[in-house]
Amino acid sequence: MAISPDGAWLATASEDKTVRIWDRASGTCTATLIGHTSGVRSVAISPDGTWLATASSDGTVRVWDPVSGTCTATLTRHTGEAWSVAISPDGTWLATTDGYDGTVRVWDRASGNCTATLTGHTDRVRSVAISPDGTWLATASEDETVRIWDRASGTCTNTLTRHTDKVWSVAISPDGTWLATASEDETVRIWDAGNHRVLTLVRADGPLYSCLWAPDGRSIAVAGDRGLYLYKFHP
């Protein structure tokens with residue numbers, strides 16, 4: 001699920017191959033985006049709220065107009081499932097992960113061309129996040145690692161290896177100072193984005209699959225097998 005910048009609408013992705021647009025005030029579905037031929041794994045909304053991108057297990061990434069519900073571009077370079085999508089803070093590029101070959105791809109929004117392929121993970125990449133200034137990315141993988149990438153060069157600048165099972169989700173705090181990672185090892189870890197050390201670790205009572213920072217940068221919502229957790233981070 002993704003929420004528009006103004007909070008007026010949201011988009012949800014489903015295994016039924018569709019993406020739905022919902023009005024926040026009324027709770028009604030205002031559009032159903034149809035075009036993917038398999039389940040939709042991820043959705044992201046542009047910073048200005050005028051377009052959104054989806055990643056699907058059909059191997060494609062699609063760009064949509066949320067008002068008309070039409071697909072304006074289809075990106076097709078993935079060799080397996082397109083699992084996660086994130087949009088840059090300026091809306092000029094996006095990053096997607098492959099659920100098959102362990103790659104991360106960077107795309108130019110205007111042309112739809114793949115401008116870089118980031119390699120290094122040895123298993124499926126489940127999540128990608130872009131820093132608030134757009135200069136680096138973080139990815140989470142089933143190879144039990146989180147990787148930090150330089151946007152300009154496309155190189156991996158650090159590999160975080162403290163998790164002991166598949167890492168399903170990575171989120172960057174709104175000010176770019178911390179990372180949160182959620183893992184099947186039943187922990188959520190908070191990392192210092194500067195020196196990449198673990199600042200704190202919280203254990204849950206089951207595998208964790210998704211994490212998201214609150215706008216204040218001090219609270220984290222984490223979803224897992226046993227439910228939804230809300231943690232307050234005190235640095």
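**The pocket and a sheet**

Author: Happy to! This is a predicted model. Let us begin with strand β5, which gives the most to the lining of the largest pocket: six residues.

Reader: How do I find a pocket, and what volume does the largest pocket have?

Author: The general idea is that rolling a probe the size of a water molecule over the atoms shows where empty space is left. In this model, the volume of the largest pocket is about 1,900 Å³. Its lining counts 48 residues, and those closest to the centre are Met1, Ala2, Val43, Cys211 and Leu212.

Reader: Which elements give two or more residues to that lining?

Author: Besides β5, look for β1 (2–3), β9 (82–87), β13 (125–130), β17 (167–172), β21 (208–213) and β22 (219–224).

Reader: And how many of the lining residues are nonpolar, polar or charged?

Author: Sorted by class, 34 are nonpolar, 11 are polar and three are charged.

Reader: Now to the sheet. In what order do its four strands run?

Author: Follow the pairing from strand to strand. Here you can trace β5-β6-β7-β8, an open sheet with antiparallel pairing. At the edges are β5 (40–45) and β8 (71–75), each of which pairs on one side only. From one strand to the next, the twist averages 20°.

Reader: How many bridges join β7 and β8?

Author: There are four bridges between β7, residues 61–64, and β8, and the pairing is antiparallel. To see the two side by side, find arginine 62: threonine 74 in β8 stands opposite.

How values were computed. Residues numbered from 1 in each chain as written. Predicted model: local features only at pLDDT ≥ 70, side-chain atom pairs only at ≥ 80, totals over all residues. Heavy atoms only, no water. Pairing = 2+ DSSP bridges. Axes fitted to C-alpha atoms, helices over the stretch in contact; angles between N-to-C directions. 1 Å grid on protein atoms, 1.4 Å probe; cavity = no way out; pocket = protein on both sides within 12 Å on 5 of 7 lines; lining within 4 Å. Points joined across faces, edges and corners; volume = space filled by probe spheres on them. Nonpolar A, V, L, I, M, F, W, Y, C, P; charged D, E, K, R; others polar.
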